[in-house]
Structures are given as C-alpha cells and as structure tokens.
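Thanks for asking me to look this over with you. Below are my notes, written as numbered points so that you can follow them with the model open beside you.

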Amino acid sequence: MNRIHTESWIELAKDIEKYSIELTPKEVAWVLKVQKNVSKAWTLFSWASQQPNYSHNSSCFAIMIEILARDMNHSLLENLLLEMERVHVPFTTSIINRLIGIYSCANDIEKAEHYYAKLEKLRI
C-alpha cells in the first residue's frame with residue numbers, strides 16, 4: 001500500500017486489477033486508520049465502495065465516523081450514516097454510543113436522543 005498518500009486512487013485501482021488483488025474491508029480499514037487527511041480518507045472510502053466485489057463492513061464505517069467526527073464534518077457524517085442504512089450495515093452498539101457522544105458534544109440533543117432510542121431497541 002505505497003499509494004496511501006496519493007491524490008488519486010486511479011493508480012491503486014490499476015494495480016489491484018493488474019495483480020488481481022482482492023480489496024478487503026481489513027485493508028481499507030487499515031489505510032483509513034493511518035490516513036491523516038480527511039478528504040483523502042473520504043475519497044478512499046468512496047472509491048473502495050465502488051469497487052467490484054467489495055462492500056464496507058461496520059469497522060470501515062466506524063473508522064470513517066471517527067475521522068469525520070474529529071473533523072467535525074457533520075454534513076459528510078450525515079451522508080455516511082444514510083449510506084450505512086442504504087447498504088444495510090448494522091449499527092453496532094459501539095457505533096451508536098459514538099454517535100450519541102458526537103451529537104451530544106455538538107449540542108444536537110434531538111439526534112443524540114434518536115441514537116439513544118436505537119440503542120435501547122438493540123438491548124431489547
């Protein structure tokens with residue numbers, strides 16, 4: 001993964017195709033964890049989701065949630081959460097707890113309560 005710091009993932013996509021490399025959520029999660037640039041992380045996340053035979057798991061979504069929360073990018077966070085629901089990735093207890101914290105810190109009590117209610121449904 002020498003291309004972690006590239007502006008474009010085109011070369012990485014070429015390498016993946018050329019060498020018949022299978023992209024997995026584990027690799028994507030690793031790159032997301034080490035990526036310091038929010039824009040590049042989002043670009044990788046979006047690019048990976050469009051690759052054949054690939055889909056993000058809850059770990060990839062959780063890491064991306066952390067990245068966007070640190071950047072306080074609530075607009076992209078909302079898009080990410082909608083995507084998570086659209087592709088039917090389960091909201092784990094740890095993800096919901098993190099979302100409650102994010103929205104509480106942002107003084108968005110309505111959204112914090114929304115995720116608290118989701119957490120209560122998981123516990124039933």
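**A cluster of rings, and what surrounds it**

1. Let's start with the aromatic residues: Trp42, Phe45 and Phe61 are linked into a cluster by ring pairs. Please keep in mind as you read that this is a predicted model. A search of the whole structure turns up 4 aromatic pairs. In one of them, the ring centres of Trp42 and Phe45 are 6.1 Å apart and the planes stand at 20 degrees, so this pair is stacked. The cut-off behind that word is an angle under 30 degrees.

2. Trp42 and Phe45 are both buried. For Phe45 the relative accessibility is 4%, which is why it counts as buried.

3. Now follow Phe45 to its other partner. The ring centres of Phe45 and Phe61 lie 5.2 Å apart with the planes at 80 degrees, so this pair is edge-to-face. Phe61 is in helix 4 (residues 58-70) while Phe45 is in helix 3, so the pair ties together parts that are 16 residues apart in sequence. Phe61 is buried too, with a relative accessible area of 1%.

4. Have a look at His56 next, in the loop between helix 3 and helix 4. Is His56 buried or exposed? With a relative accessibility of 8%, His56 counts as buried. Setting aside neighbours within four places in sequence, His56 contacts Val28, Phe45, Ala48, Ser49, Phe61 and Val89. Two members of the ring cluster, Phe45 and Phe61, are on that list. His56 and Lys26 are 30 residues apart in sequence, with 9.3 Å between their C-alpha atoms.

5. From helix 2, Val28, Val31 and Leu32 meet Ala41, Leu44, Phe45 and Ala48 of helix 3. What kinds of residue make up the contact of helix 2 with helix 3? The answer is 7 nonpolar, no polar and no charged.

6. Tyr115 is buried, its relative accessible area being 5%. Beyond residues up to four places away in sequence, Tyr115 touches Leu81, Phe91, Ile96, Leu99, Ile100 and Tyr103. Tyr115 and Phe91 are 24 residues apart in sequence, and their C-alpha atoms are 9.6 Å apart in space.

7. Finally, step back to the whole protein. How many helices and strands does the protein have? There are 7 helices and 0 strands, giving the pattern α-α-α-α-α-α-α along the sequence. Of the 124 residues, 36% are buried. Among contacts between residues at least 6 apart in sequence, 57% join residues at least 24 apart.

Notes. Residues are numbered from 1 along each chain as its sequence is written. This is a predicted model: local features need pLDDT of at least 70, side-chain atom pairs count only at pLDDT 80 or more; totals for chains, interfaces and linings use all residues. Side-chain values use heavy atoms; hydrogens and water are left out. Rings of Phe, Tyr and Trp (its six-membered ring) pair if their centres lie within 6.5 Å; planes under 30 degrees apart count as stacked, over 60 as edge-to-face and the rest as tilted. Buried means under 20% relative accessible area, exposed over 50%, partly exposed in between (1.4 Å probe, protein chains only). Helices (H or I, at least four residues) and strands (E, at least two) are DSSP runs, numbered from the N terminus. Contact means heavy atoms within 4.5 Å. Ala, Val, Leu, Ile, Met, Phe, Trp, Tyr, Cys and Pro count as nonpolar, Asp, Glu, Lys and Arg as charged, and the others, Gly among them, as polar.
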